[in-house]
Amino acid sequence: MLPFLRRWRDEQGDVTVLGAVRVALGLLLLANALRAAGELRLGYFGDAFHWPLLPEALVASRSVYSALVLAQLVLAVLVVVGPRARDALLASALLGTYVLLCDRLEYHHNRWALFGYAALLSFAPCDRTFRVNAPPGPRVGPLWAARLAQLQVSIIYLASGGSKLLDPDWRSGRVMLERFHLYAQRESVSGIVQGLLEQGSRPGVAGLLAALAIATELFLAVGLWSRRTRTFALAWGVLFHLAIEATSRVEGFTWLTLAVYALFLTPDMRAWKLLAGTFTPRPKPH
Amino acid sequence: MLDLGPRARVAFAACWIAGQAALVLTAGDRADHVFGFRMFPEASTLEIHLSRVVGGEIVPATGGEWSARDAAGQLRHFSWRDRVHDPILAAIDTRVFASYGADTQLARLQRALDDVADHVPEDGETTRLRADVLVRRNGRGAVAHTLVSHDRPVR
């Protein structure tokens, strides 16, 4: 076996941050379940036009779907509070994916990413910290699944940035320019944002911003891994996602990505250690 | 069960990465590119105009609403939005942003036409539903696309 593969497979480390990421994912799963419950109150998706990836016979009936939504709510709460959180994470991921397969009109990148991260984190010891009735015990555990979740971040950036790089309209800035035009036409846009949009609606500026967006996504796919570039990549990534949040409707994708960024924080980052130490009780000495 | 042994870790990771790679690389083969993580792929808009084919003639269904007689000769009212709730596809005669790209929305619209054609059994006149769509891809001029549902039996 290759040495780096063995290192990844057997790596042990501080799992404090995994608990924080679990809580964040739990809150996002809860928001997703509440959204589904709200939509269910307006009507069951199967009573209207839907487009399943599964055979129609396997699509959840109204009663089954209602039970699934309720289950997603309960599971999300379990993920947040901690006990049996890993089982709840995996179940949430499986149920959520099944719902996406029942109607591809409900497919959104952020939802698929959320269920993917939930599945991966369920294989990590994320239930030892940031939980109700935290049992005393070691805060060291295997990190292979957390590293896989980090790799998933890179896969998403690579897929997104790569698809833009291969698209002539993205490379030329045409997509960015038109997005600014369309966004500026909204009545709800405030004065400051309107001014920024007018600047972005100049072809040269839009072309530069498009190149910056593509370069950012491709850089983040690799820059988050290097110890030398990680701090800059995290800061740049936070700004990048906050800018997207301010200008686009991306459901919970911004907060999901920022939550998973925490997995890239290493114990040498003092700020994180201070924060974690404040909110997590220390295990009793044996 | 969730605490995998060393061999299972490698097998799981290999399956996960291969699965994600396959989904990303084959996204272009799916009409709506689902599971491909192609964020903000376009800045296109579309404008759907709905009509019906009745006795070989095209009759506009303005705003997605129409009236037709049933098999007993009684006049009934129909609405596209009774069946289609998706905010983009439900917007008839209005220019809307094509989330996930124009091709995604055209693929969904084709399915929606077939679905609605199958769910208006009281309409005894319409042989097919038709959508004339003006697509503006990334700010270019409008290009017309015509989609029609499958034939439906008329009594």
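**Entry 1: domains of chain B.** I began with the centres of domain 1 and domain 2 of chain B, which lie 36 Å apart when taken over C-alpha atoms. The assignment puts domain 1 of chain B at 1–38 and domain 2 of chain B at 45–148. A reminder to myself: this is a predicted model.

**Entry 2: confidence.** I checked the scores before going on. The average pLDDT of chain B is 96, and 99% of its residues reach at least 70. For the complex, the predictor reports an ipTM of 0.94 and a pTM of 0.91.

**Entry 3: layout of chain B.** How many helices and strands does chain B have? I found 2 helices and 7 strands. Read from the N terminus, the order of elements in chain B is α-β-β-β-β-β-α-β-β. Chain B is more spread out than a compact globule, because its radius of gyration is 21 Å, well over the 15 Å that the globule rule gives for 155 residues. I then looked up the box that the C-alpha atoms of chain B fill, and along the principal axes this box is roughly 70 × 40 × 20 Å. Of the 155 residues in chain B, 37% count as buried. I looked at sequence separation too: among contacts in chain B between residues at least 6 apart in sequence, 63% join residues at least 24 apart.

Entry 4: Next I zoomed in on β3(B), residues 65–69.

**Entry 5: where chain B touches chain A.** I listed both sides of the contact: 31 residues come from chain B and 29 residues from chain A. On the side of chain B, the elements that give two or more residues are α1 (6–25) and α2 (102–118). Of these, α1(B) gives the most, with 7 residues. By class, this side of chain B has 17 nonpolar, 5 polar and 9 charged residues.

**Entry 6: domains of chain A.** I finished with the other chain. Chain A is assigned domain 1 (15–129) and domain 2 (143–276). Their centres, over C-alpha atoms, are separated by 25 Å. How many residues does each domain of chain A bring to the contact? Domain 1 of chain A brings 20 residues, and domain 2 of chain A brings 18 residues. On the side of domain 1 that touches domain 2, α2 (16–42) and α5 (109–121) of chain A each supply at least two residues. The largest share of that side comes from α2(A), with 9 residues. I sorted this side of domain 1 of chain A by class as well, and it divides into 15 nonpolar, 5 polar and no charged residues.

Key. Residues numbered from 1 in each chain as written. Chains lettered and ligands numbered in written order. Predicted model: local features only at pLDDT ≥ 70, side-chain atom pairs only at ≥ 80, totals over all residues. Contact = placed C-beta atoms within 7 Å. Helix = DSSP H or I, 4+ residues; strand = E, 2+ residues; numbered from the N terminus. Nonpolar A, V, L, I, M, F, W, Y, C, P; charged D, E, K, R; others polar. Domains from an automatic or database assignment. pLDDT = per-residue confidence, 0-100. Buried ≥ 20, exposed ≤ 12 C-beta atoms within 10 Å, placed from the backbone. Rg over C-alpha atoms; globule rule 2.2 N^0.38 Å.
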